[in-house]
Amino acid sequence: IALLSINNEGDVALDFTYFLPDGTGCRMHQTESPYTLLCFYNPTCRSCQGIIEALKTSHAINGALEGGKLKLLAIYTQDNSPVWQEFIKSVPPKWINGCDNGMKLISENIYDLRNLPVFYLLDSDKRVLLKDLPLSGIEEHFK
């Protein structure tokens, strides 16, 4: 029940540290953009693979990325691993790819990540606009 009461629409999303492929640690709240799309995923998850392929070809999402209205923060919910390092070679360079070294997002219940993939659309103040919607719902926001 605690997971259902955090990061709801209208709330400021909880901040967390993620790690870039080179090991650099970054804070989610330091992502500067009119909108931030958090995409929590696992590269071995079939649903995640399908959604990520759809994200790669989404005209609405890619238009917002190219136009500077959106930053896409794709977070692998586990530690840096060879599986993740190989997977990120196939994602667009405009995406920010991070992993959760130490798996604190799950162990500390910072986000509800029971069913991946999970999306959160945040505004410039990191306030949750949309939570756990299908990709089509997020695309509607940018059309």
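Visitor: How do you know that Tyr76 and Trp84 are buried or exposed in this model?

Guide: Happy to start there! This is a predicted model, and in it both Tyr76 and Trp84 are buried. The word buried is used for residues under 20% relative accessible area.

Visitor: What makes the pair of Tyr76 and Trp84 stacked?

Guide: Their ring centres are 6.3 Å apart and the planes meet at 20°.

Visitor: Why is the pair of Tyr111 and Tyr120 called edge-to-face?

Guide: Here the centres are 5.0 Å apart, with 80° between the planes. The whole structure holds 10 aromatic pairs.

Visitor: Why does Glu53 count as partly exposed?

Guide: Glu53, a residue of helix 1, has 44% relative accessibility. Partly exposed lies between the 20% limit for buried and the 50% limit for exposed, so Glu53 is partly exposed.

Visitor: Which residues have the most contacts inside the largest nonpolar core?

Guide: That core has 27 residues, and those with the most contacts inside it are Leu37, Tyr41, Leu55, Ile61 and Leu72. Helix 1 (46–57) and strand 4 (70–76) are among the elements that each supply at least two of its residues. Leu72 touches residues including Leu37, Leu55, Ile61 and Trp95, leaving aside those up to four places away in sequence.

Conventions:
Residues are numbered from 1 along each chain as its sequence is written. This is a predicted model: local features need pLDDT of at least 70, side-chain atom pairs count only at pLDDT 80 or more; totals for chains, interfaces and linings use all residues. Side-chain values use heavy atoms; hydrogens and water are left out. A nonpolar core is a set of buried Ala, Val, Leu, Ile, Met, Phe, Trp, Tyr and Cys residues joined through side-chain atoms within 4.5 Å. Buried means under 20% relative accessible area, exposed over 50%, partly exposed in between (1.4 Å probe, protein chains only). Helices (H or I, at least four residues) and strands (E, at least two) are DSSP runs, numbered from the N terminus. Contact means heavy atoms within 4.5 Å. Rings of Phe, Tyr and Trp (its six-membered ring) pair if their centres lie within 6.5 Å; planes under 30 degrees apart count as stacked, over 60 as edge-to-face and the rest as tilted.
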